[in-house]
Amino acid sequence: MKTFANYIDGQWIEGKTTAPNVNPSNLDDVIGQFAEADADDAQRAIAAARKAFGPWSVSTPQQRFDVLDQAGTTILARKAELGRLLAREEGKTLPEAIGEVARAGQIFKFFAGEALRLGGEILPSVRPGLTVEVTREPLGVIGLITPWNFPIAIPAWKIAPALAYGNCVVFKPAELVPGSAWELVNILVESGLPQGVLNLVMGRGAVVGEAMVASPDVDAISFTGSVATGSAIAARCVASGKKFQLEMGGKNPMVVLDDADLDVAVEACINGAFYSTGQRCTASSRLIVTEGIHDRFVEAMCNRLAALRIGDALSADTQIGPVVDARQLEQDERYIAIAREEGGTVIGGERLERATPGFFLAPALVTGTTADMRINREEVFGPVASVIRVKDYDEALAVANDTPFGLSAGICTTSLKYATHFRRHVQAGMVMVNTATAGVDYHVPFGGRKGSSYGPREQGSYAREFYTTVKTAYIHAGQV
Ligand code: UN1
C-alpha cells in the first residue's frame, strides 16, 4: 500500500500515524495510507510559512505568475488522471470530477494573471502638498481548511489567490479526501514554489485545525465547511485577532413559477438538487412551486428521478455516485425519516445494493412539505430535496427568504418582471435564473449572506479583499 507524506518546510514528512483513504463506491478499494499530522507537525508548518513569508512577500509578480501558470498547465494536462482519483476518493461521477479538476486548473491560470494585475490608487490629498497612495500588501501566513465535497476546486480557489498576492500557506484538507490535495501540492512544488511557501498538513481538524486557529503566527484563516465548525473557528479567530472568512451551509431555494418552461425547470432542479449526490453547499434543497404548475412539475420530477442511474462513480453510465461516507449516509437517512414523520411524502430515498460494497442511496424527493418543517430549515448535504407548494410569486419569495441561510437562490420563469424582482429581493449571495443553483464560474465572486458566509467573497478579483490588506500612504514631497 502506497503511503503519502505531509509536506512541511520543503520536505515530505511521514506521519507518526496514517489513515486510509477509502473509495465510497467500493469499500474494499483503499487508495492509500495518508499521513496524519500531529500538533508538532502543524507548528513546524506554521513556522516554515512564517520564515518563507519575508522573501515570498517581496517576490515579483512574474515569479508568482510563473509558478501558478505552470501549476494550471499541469493540472489541465493531467485532468483525466486526477479526475479519476477525485471520483475514486470522493464519489462524484467521472465527468463531474474531471470537470472539477479542469476548474482547478483554470483557477490557477486566472490567479496567475491576477498576480500581474494587482494595482493601487493615487489620489490628491485634501491638504496642500500631499499625495495619497493606496496599495495592497499580503497578509502573511494563511491557514486554509477545506471540505471533502470539492477535493481540488476549493483548495485551488483558496491556495491560488493566497499565493498570487504573496502570502504563505498552511493547508489542511478534509480527512476524507487527502489524495487530490496531495497531488495538488505536489504539482505546486514541482512548479517551482520556494521552500516553506506552501505546507500540507493532512490530519484531524481537532489537532491540525486547532493548532492553526490557536497560533499567533497564523494571520488569517479561510474555511469552507459546516456551520458548527465555522462558528467555533470564528470565535477562536476573534479571540486571537485573526482575519477570517467562512463559507458554510446552504438551504438554497429554487422557485418554479406557473409560467416556467417545465423542461427547463425540471432540468435545473434535477441537476441542482441531485447531481454530485446533492453534496454541494449550493444544492437546491427547497423547490418552491406555485400551484398552477405544481402537479405537472412533481410528476415530471418523479419520471426523471426513476430514470437516474445511481452507481459506481467510475462507471461510464453512472449519473449519481455514492454518498461520501457512512456518517453522511446516516445523516441523509435520518433527515428522510424526519421528513416522513413531519408529514412529507418521500419518493425514492432507499438504500441501493450494487456490485461492490458502497454508500449508494436513491435520490429522495419529499412532497407535501411546509416551510417550517425541519427538512426545510436544516441542511442535509445529500441527495434530498423537498417541494413546497405556494399560491403565487409573492408567497414563493417570502418562503425563499424564510431561512437562516443565504448562499444561492434560483427562479424558473419566463417572466422578465418576476425574474427581475426576484434578482433584487431574494436574500442570497448568488441568484440563478432558469439554471441550477449549483455549478458556478471560476472568475466571478462566490459567497453568500446570513448564516451561509462570513467575510469577503471568494474567487474572481474580489478574492483580493480577503487575501490582501490595504495600506494608505501620505507623501509630502516637499517644495518643488
Ligand atoms: C458549485 O456549486 O459549483 O462547498 C460550487 C460547496 C461550495 C462550492 C459549490 N463551496 O459546495
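Reader: Which helix is Glu395 found in?
Author: Glu395 sits in helix 12, which spans residues 393–401. One caution: this is a predicted model.
Reader: Is Glu395 buried, partly exposed or exposed?
Author: Glu395 is partly exposed. Its relative accessible area is 30%.
Reader: Which residues form the negative surface patch?
Author: The patch is formed by Asp258, Asp259, Glu291, Asp392, Asp394 and Glu395.
Reader: New topic. What does UniProt say about residues 12–472?
Author: The UniProt entry, which is unreviewed, annotates them as "domain: Aldehyde dehydrogenase".
Reader: And how much helix and strand is there over residues 12–472?
Author: That stretch is 41% helix and 22% strand. Its end C-alpha atoms are 40 Å apart.
Reader: OK, salt bridges. How many are there?
Author: The count is 22, taking a side-chain nitrogen of Lys or Arg within 4 Å of a carboxyl oxygen of Asp or Glu.
Reader: Which residue does Arg50 meet in a salt bridge at 2.5 Å?
Author: Asp219. The 2.5 Å runs from N to O between the two side chains.
Reader: Why does that pair tie together separate parts?
Author: Arg50 lies in helix 1 (residues 39–57), while Asp219 is in the loop between helix 7 (205–214) and strand 11 (220–224), so the pair ties together parts 169 residues apart in sequence.
Reader: Which network do Arg50 and Asp219 belong to?
Author: Salt bridges with shared partners join Arg50, Asp217 and Asp219 into one network.
Reader: What about Glu183, which residue does its side chain meet in a salt bridge?
Author: Arg78, at 3.1 Å from N to O. Glu183 lies in helix 6 (residues 178–190) and Arg78 in the loop between helix 2 (61–77) and helix 3 (79–90), so this pair ties together parts 105 residues apart in sequence.
Reader: Why does Glu183 count as buried?
Author: Because its relative accessibility is 14%, and buried means under 20%. Arg78, at 21%, counts as partly exposed.
Reader: Last one. Where are Asp295 and Arg389?
Author: Asp295 is in helix 10 (residues 291–307) and Arg389 in strand 17 (residues 384–390), 94 residues apart. Their side chains meet in a salt bridge at 3.4 Å, N to O. Arg389 is partly exposed, at 43% relative accessibility.

Key:
Residues numbered from 1 in each chain as written. Predicted model: local features only at pLDDT ≥ 70, side-chain atom pairs only at ≥ 80, totals over all residues. Heavy atoms only, no water. UniProt positions renumbered as here; feature names shortened; annotations may be inferred. Helix = DSSP H or I, 4+ residues; strand = E, 2+ residues; numbered from the N terminus. Patch = residues over 30% accessible without salt bridge, like charges linked within 9 Å, V, L, I, M, F, W, Y side chains within 5 Å. Areas by Shrake-Rupley, 256 points an atom, 1.4 Å probe, with all protein chains shown as cover. Lys, Arg positive; Asp, Glu negative; His and termini not counted. Charge placed at Lys NZ, Arg CZ, Asp CG, Glu CD. Buried < 20%, exposed > 50% of the residue type's maximum accessible area, 1.4 Å probe, protein only.
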